[in-house]
Structure formats: structure tokens, C-alpha cells
Amino acid sequence: MVKDLGMAAAATLLVSRPRKDRRDLLRTYWLEVDGTRVARIHRGQQIEIPIAAGRHVVRATIDWSGSQPLDVDLAEGDTVRLKVECGGGAFAGAWHVFMRDRWLKLAAEQPA
């Protein structure tokens, strides 16, 4: 599910979530752009989010926690590839419960 942001889509965010993560096996992550929930992503899924060119803040969330905000700057026609995954294994998860922005890790993928 991808929400229409109501802006002219001139660029694209391509977000993937690896299948290997077991900590959040049955859980859905939400993606926010500039503070608005725009999409949800499941384990092993890749989604496209049409977005206006310019500077944006992207964040992944799950329940009370999520990732640190990630600044992206897109020119017209750009596609930026992002990857969201859990921020660590079971032991790290016990510690991350108390942090608002460490449960998930959101990062730009380097082009091949």
C-alpha cells in the first residue's frame, strides 16, 4: 500500500526489506516521508514510492519505535534505493526497546 502524497511525482524512492530478518518475522514496517505515513512494507518486499523532487526526510516505524530519520535529496528523474531492516538481533532488541530510533535501520543502498 502506497499513499498518494498529493504532489507531482518527479522522482522515486525504491525501498527494500530483506527476507532474512527473523526478529520482526510477522510484523509490518511503515515508511514516513516528511512525517506522513506513506507506505507499509513486509518482509521480503520491495516497494516504489513516487515523490516530488527536492529534499525529504524518510523514516521507518514499527509501533513505538523505528529508525533514525534519513535525509534524501532527489533531483527530477532520480531513483534513490533504500533498505530497511531490523537494527540487530534478539539481544540488541532487548536494549532497543527503550530507544525510539534504533529498533530499525534505514540506509541508502550504494549503486552496483
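Q: What does Glu 85 form with Lys 105, and how far apart are the closest N and O atoms?
A: In this predicted model, Glu 85 and Lys 105 form a salt bridge, with the closest N and O atoms 3.5 Å apart. The pair links distant parts of the chain, since Glu 85 sits in strand β8 and Lys 105 in strand β9, 20 residues apart.

Q: And Lys 105 itself, how does it count by relative accessibility?
A: Lys 105 counts as partly exposed, at 44% relative accessibility.

Q: Is Glu 85 buried or exposed, then?
A: Glu 85 counts as buried, because its relative accessibility is 10% and the cut-off for buried is under 20%.

Q: Which residues is Glu 85 in contact with, leaving aside its neighbours within four places in sequence?
A: With those neighbours left aside, Glu 85 is in contact with Pro 18, Lys 20, Asp 21, Tyr 29, Leu 104 and Lys 105.

Q: Lys 20 is on that list, so what do the side chains of Lys 20 and Glu 85 meet in?
A: The side chains of Lys 20 and Glu 85 meet in a salt bridge, at 3.7 Å from N to O. Lys 20 belongs to the loop between β1 (11-16) and β2 (29-33) while Glu 85 belongs to strand β8, so this pair ties together parts that are 65 residues apart in sequence.

Q: Is Lys 20 buried or exposed?
A: Lys 20 is exposed, with a relative accessible area of 58%, whereas Glu 85, at 10% relative accessibility, counts as buried.

Q: What about Lys 83, which residue does it form a salt bridge with?
A: Lys 83 forms a salt bridge with Glu 85, and here the closest N and O atoms are 3.9 Å apart. Lys 83 is partly exposed, its relative accessible area being 27%.

Q: How many salt bridges does a search of the whole structure find?
A: The search finds five salt bridges in the whole structure. Among them are the bridges from Glu 85 to Lys 105, to Lys 20 and to Lys 83; through shared partners, Lys 20, Lys 83, Glu 85 and Lys 105 are joined into one network.

Q: Switching to the sheet, what order do the four strands take?
A: The four strands form an open sheet in the order β4-β1-β8-β9, with mixed pairing. From one strand to the next, the twist averages 25 degrees.

Q: Which strands stand at the edges?
A: The edge strands are β4 (46-51) and β9 (104-108); each has a single partner strand, so one side of each is left without a neighbour in the sheet.

Q: How do β8 and β9 pair, and over how many bridges?
A: Strand β8, which covers residues 79-86, pairs with β9 in the antiparallel sense over five bridges. Across from Cys 86 stands Leu 104 in β9. As for what such pairing rests on in general, strands of a sheet pair through backbone hydrogen bonds, either parallel or antiparallel.

Q: Zooming out, how many helices and strands are there in the protein?
A: The protein has one helix and nine strands, and along the sequence they follow the pattern β-β-β-β-β-β-β-β-α-β.

Q: What share of the residues count as buried?
A: Of the 112 residues of the protein, 38% count as buried. The accessible surface comes to about 6,600 Å², and 52% of that belongs to carbon and sulfur atoms.

Q: And among contacts between residues at least 6 apart in sequence, what share join residues at least 24 apart?
A: For those contacts the share is 67%.

Notes
Residues are numbered from 1 along each chain as its sequence is written. This is a predicted model: local features need pLDDT of at least 70, side-chain atom pairs count only at pLDDT 80 or more; totals for chains, interfaces and linings use all residues. Side-chain values use heavy atoms; hydrogens and water are left out. Helices (H or I, at least four residues) and strands (E, at least two) are DSSP runs, numbered from the N terminus. Buried means under 20% relative accessible area, exposed over 50%, partly exposed in between (1.4 Å probe, protein chains only). Contact means heavy atoms within 4.5 Å. Accessible areas come from the Shrake-Rupley method with a 1.4 Å probe; for residues, only the protein chains shown count as cover. Two strands pair if DSSP finds at least two bridges between them. Axes are lines fitted to C-alpha atoms, for helices over the stretch in contact, and angles run from 0 to 180 degrees between N-to-C directions. A salt bridge is a side-chain nitrogen of Lys or Arg within 4 Å of a carboxyl oxygen of Asp or Glu.
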